Amino acid sequence: MKWFEYVDKEYPGAISSRVRLVRNWDQYAFPSRLTQKESMEMVRRLEQGLRDLGSFDGKKYEYAFLDELSELDRKALRERRIFNSTIASLKMPAKVILSEEEDTSIVLNGTDHIRLQLLSPGLNLEALWKQADKLDDYINERFSYAFDKKYGYLTSFPTNMGTGMRASVVLHLPSLSLGKKFSGLVSEMGRFGASVKGVYGEGGDNYGALFQVSNQKTLGLTEKEIVDLVGRVAAQLLNQENQVRSMALQKHRLECEDEAFKAYGVLKYARRLSAKDAMLLLSQLMSGISDGILETREPCPVYRLMLGIQPANLQKLSDRPLGKEELDAARASYLRAELPELK
Amino acid sequence: MLCERCKIREANIQYTEVINGVKTEHNFCAQCAKELDFGPYSAIFDSDFPLGKLLSGLLGVGESQEHQKTHQVICPTCGTSYEEFIKNSRFGCGDCYGVFDILISDNIKQLQGSDTHKGKIPRYHFHKDPDRFSVGALSGEDGQDQAKGQQAEPKEQLRILEAKLKEAIAKEEYEMAASYRDQIRSLRKEQETT
């Protein structure tokens, strides 16, 4: 099972938490300045040192060179947030170490030598930081880091220096994001040092009402302060969302019910679904389930479905590249198969 | 409103210029804006500009003079020049931080809101001394201790003025902002001549 497949761990509103640390080994220049040969040598040495990672935290790990992965696999890992867009298109030798549940990953020689990332369902930053801290020590025991008393952990990009840490939470804000005040609220959060941005969407559009909250700054704050800041902003947004939502449920119960059941109906029986439509319907389904309007026979992990309908995953499932029309059909058939029956 | 330069496309970029306290407003379309030179702000109109670039461009008072003087600085360890660093917003190695320290510390403060690490310290550090690349150690190596001592006070003044300038811009008090900017300029000039 992957971390996002556990339904019992799903919290209303808070989809997932993530802590990412970037580190560099002080024996090599940063990745952009390494030759092919040096990259290869460094990756090999780092990997050698981290071979017993599994015995440290009891997880099962896979080790793979990025160029051993197909382009589709890379894209799928990007959809599941193991890679960012830069890593997914890297040319130099780089390696990924990935736990079976995909909740822990280390990328070697990405934009920095070491990128450690932990993911979990729900609002869980504090626990993730504790885990990351321990894993960081484990790595540091073997490789000494590029570190400066004044600037902290030294990283390729000045936007990561200091703690090298990005803490983020993905929230489902379907009611709040509809309001006119939402963009004001988002920029307000910016003033506290937290950035809020849509997870899925094109241009100015947002599909699925998922928003990521993360720390803007990495220097001048302790890791604990970063965790607290992001957690506080996330809790604030969720609180506001719940207020708006409960008001809607009180005043417009029938509309809410209609929306949820219609969403279920279309998702369960449609023959073609675009990414945009499917995300909107899944978002409405998610609200319906968390409001207790809809009950399914088996637990329904909506976030897993949202990840499942992304293009690279659908293409992987059908084992071949798909055109747009085929993709829409594959998306609908995936949802028909995966969506549990109603009670 | 149509773009005042091409008069064909819709203007969607409003550019406000304050020169010696005189505020002028311009309206351009995205394409014309791209072709015009906004100094450090030009990067905004590139399709993939890194955030760091925008932020290091903010308050880029006197950037061009400084730039000409400093583009020769090269990190001896990895060969990254200051110019390359500014272009890509990317360090080449850990030693770059020490080499570019004095040049970048203001920008870093603008970008990060701080220039001092408060978080975790590595539990194991066995190859290099973490002090080695701090400002003090670096200028000590180059025998510039004295110069640094003399700069300390105007540097602090600059910092205060820059903070005031930022605040004035945020509050849209452009006349005040212009006056702070002029003060910063003259202080920088003073520093250069001493």
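## The sheet of chain A

In this predicted model, eight strands of chain A form an open sheet, and their order across it is 2-3-4-5-1-8-10-9, with antiparallel pairing. Strand 2 (61-65) and strand 9 (194-198) of chain A stand at the edges, where each has a single partner strand, so one side of each is left without a neighbour in the sheet. From one strand to the next, the twist averages 15 degrees.

One pairing can be followed in detail: strand 3 (residues 95-99) and strand 4 (residues 104-108) of chain A are joined in the antiparallel sense over four bridges. Within this part of the sheet, A:Lys95 has A:Leu108, in strand 4 of chain A, as its bridge partner.

Which residues of helix 3 of chain A are buried? In this helix, which covers residues 71-79, they are A:Arg74, A:Lys75, A:Ala76, A:Leu77 and A:Glu79, and these buried residues pack against helix 4 (85-88), helix 10 (302-308) and helix 11 (311-318) of chain A. Just after helix 3 of chain A, A:Arg81 takes a positive phi of about 70 degrees.

## The nonpolar cores

The largest nonpolar core has 105 residues, and those with the most contacts inside it are A:Leu171, A:Val213, A:Val230, A:Ala234 and A:Leu285. If its neighbours within four places in sequence are left aside, A:Leu171 is in contact with A:Gly13, A:Ala14, A:Ile15, A:Phe211, A:Val213, A:Ala234, A:Leu237 and A:Leu238. A second, separate core of six residues includes B:Ala11, B:Cys29, B:Cys32 and B:Ala33.

## Where the chains meet

How many residues does each chain bring to the contact? Chain A brings 33 residues and chain B brings 35 residues. On the side of chain A that touches chain B, helix 5 (125-142) and strand 6 (147-148) of chain A each supply at least two residues, and helix 5 of chain A gives the most, with three residues. Sorted by class, this side of chain A has 11 nonpolar, 13 polar and nine charged residues.

Methods
Residues are numbered from 1 along each chain as its sequence is written. Chains are lettered from A and ligands numbered from 1 in the order in which they are written. This is a predicted model: local features need pLDDT of at least 70, side-chain atom pairs count only at pLDDT 80 or more; totals for chains, interfaces and linings use all residues. Two residues are in contact if their C-beta atoms, placed from the backbone, lie within 7 Å. Ala, Val, Leu, Ile, Met, Phe, Trp, Tyr, Cys and Pro count as nonpolar, Asp, Glu, Lys and Arg as charged, and the others, Gly among them, as polar. A residue is buried if 20 or more other C-beta atoms lie within 10 Å of its own, exposed if 12 or fewer, and partly exposed in between; C-beta atoms are placed from the backbone. A nonpolar core is a set of buried Ala, Val, Leu, Ile, Met, Phe, Trp, Tyr and Cys residues joined through C-beta atoms within 7 Å. Two strands pair if DSSP finds at least two bridges between them. Axes are lines fitted to C-alpha atoms, for helices over the stretch in contact, and angles run from 0 to 180 degrees between N-to-C directions.
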